[in-house]
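I opened the model to look up a few charged residues, some backbone angles and the nonpolar packing. These are my notes, in the order in which I went through them.

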Amino acid sequence: MPEVIFNGPAGRLEGRYQPSKEKSAPIAIILHPHPQFGGTMNNQIVYQLFYMFQKRGFTTLRFNFRSIGRSQGEFDHGAGELSDAASALDWVQSLHPDSKSCWVGGYSFGAWIGMQLLMRRPEIEGFISVAPQPNIYDFSFLAPCPSSGLIINGDADRVAPEKDVNGLVEKLKTQKGILITHKIIEGANHFFNGQTETLMGECEDYLDRRLNGELVPEPAAKRIR
């Protein structure tokens, strides 16, 4: 899979990029966990999400946020990393102008950045947020959340406790026009030790069903004149 370097807002960014053979294929961008706690684009869950989208014909990119690996710049507490993600999407779109839709997948810190990105980019039609941390990060910007997606976490997660994730999900589920799917993996911690296969099985099932036209809100009934 090609290694790429592209320009970001704070210097060069390093990524791994797999273009689809189809010109109009959707784009998927995968965002990694916290840069200051060992998060990189080579995280196993990030890699598995990348591979999942790639196998289904998406043009797929994962990359290192600023300050990680060969990516330049300094950690910026989320604001700069969101700019990195926007630049990464811009870069892929510049190579694939016929692509009309996009998905974003994020794990932990990456889930927070991904959900901010979908607020700014109307072409993002689906998301997968693995172990988001509403106990640490503010998700109130999702007002309203513009896209349907999957939130998935473990019930033994001490970094992002289940009750906090449930609170976020319940808030999003009250919003009209989207459908939030929530999956809880029994016995899984924040790192999904020994549970990666189960995690990916749920993510794959969700993505396949979405690509089949399922798990989106029913279209509003047309008024009878």
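The entries below go residue by residue and element by element.

**Ground rules.** I am working with a predicted model, in which local features need pLDDT of at least 70 and side-chain atom pairs count only at pLDDT 80 or more, while totals for chains, interfaces and linings use all residues. Residues are numbered from 1 along each chain as its sequence is written, and side-chain values use heavy atoms, with hydrogens and water left out.

**Arg62.** I placed Arg62 in strand β4, residues 59–63; helices (H or I, at least four residues) and strands (E, at least two) are DSSP runs, numbered from the N terminus. I found Arg62 buried but without a salt bridge, its nearest side chain of opposite charge being Glu3, 8.7 Å away. Buried stands for under 20% relative accessible area, exposed for over 50%, and partly exposed for what lies in between (1.4 Å probe, protein chains only). A salt bridge needs a side-chain nitrogen of Lys or Arg within 4 Å of a carboxyl oxygen of Asp or Glu; for charge, Lys and Arg count as positive and Asp and Glu as negative, with His and the chain ends not counted. I did find a polar contact from the side chain of Arg62 to that of Asn42, at 3.1 Å. Such a contact is a pair of N or O atoms within 3.5 Å; within protein, one must be able to donate a hydrogen and the other to accept it, and residues adjacent in sequence count only if both atoms are side-chain atoms.

**Glu81.** I then turned to Glu81 in helix α2, which is also buried and has no salt bridge, with Arg66 as the nearest side chain of opposite charge at 4.6 Å. A polar atom of the Glu81 side chain lies 2.9 Å from the backbone nitrogen of Asp76. Not counting residues up to four places away in sequence, Glu81 touches Phe65, Arg66, Glu74, Phe75, Asp76, Phe109 and Ile113, where contact means heavy atoms within 4.5 Å.

**Arg56.** I located Arg56 in the loop between α1 (44–55) and β4, and at 24% relative accessibility it counts as partly exposed.

**Backbone.** I noted a positive phi near 60 degrees at His77, which sits in the loop between β4 and α2 (79–95) and is exposed, at 59% relative accessible area. Ala131 has a positive phi near 50 degrees; it is in the loop between β6 and β7, and is buried at 0% relative accessibility. The peptide bond joining Ala143 and Pro144 is cis, with omega about -5 degrees. Most residues other than glycine have a negative phi, and most peptide bonds are trans.

**Nonpolar packing.** Which residues touch the most other members of the largest nonpolar core? They are Ile29, Leu61 and Phe63, in a core of 39 residues. A second, separate core has 25 residues, including Ala28, Leu49, Trp103 and Val130. By a nonpolar core I mean a set of buried Ala, Val, Leu, Ile, Met, Phe, Trp, Tyr and Cys residues joined through side-chain atoms within 4.5 Å. Beyond four places in sequence, Ile29 is in contact with residues including Leu61, Phe63, Ala85, Ala88 and Leu89.
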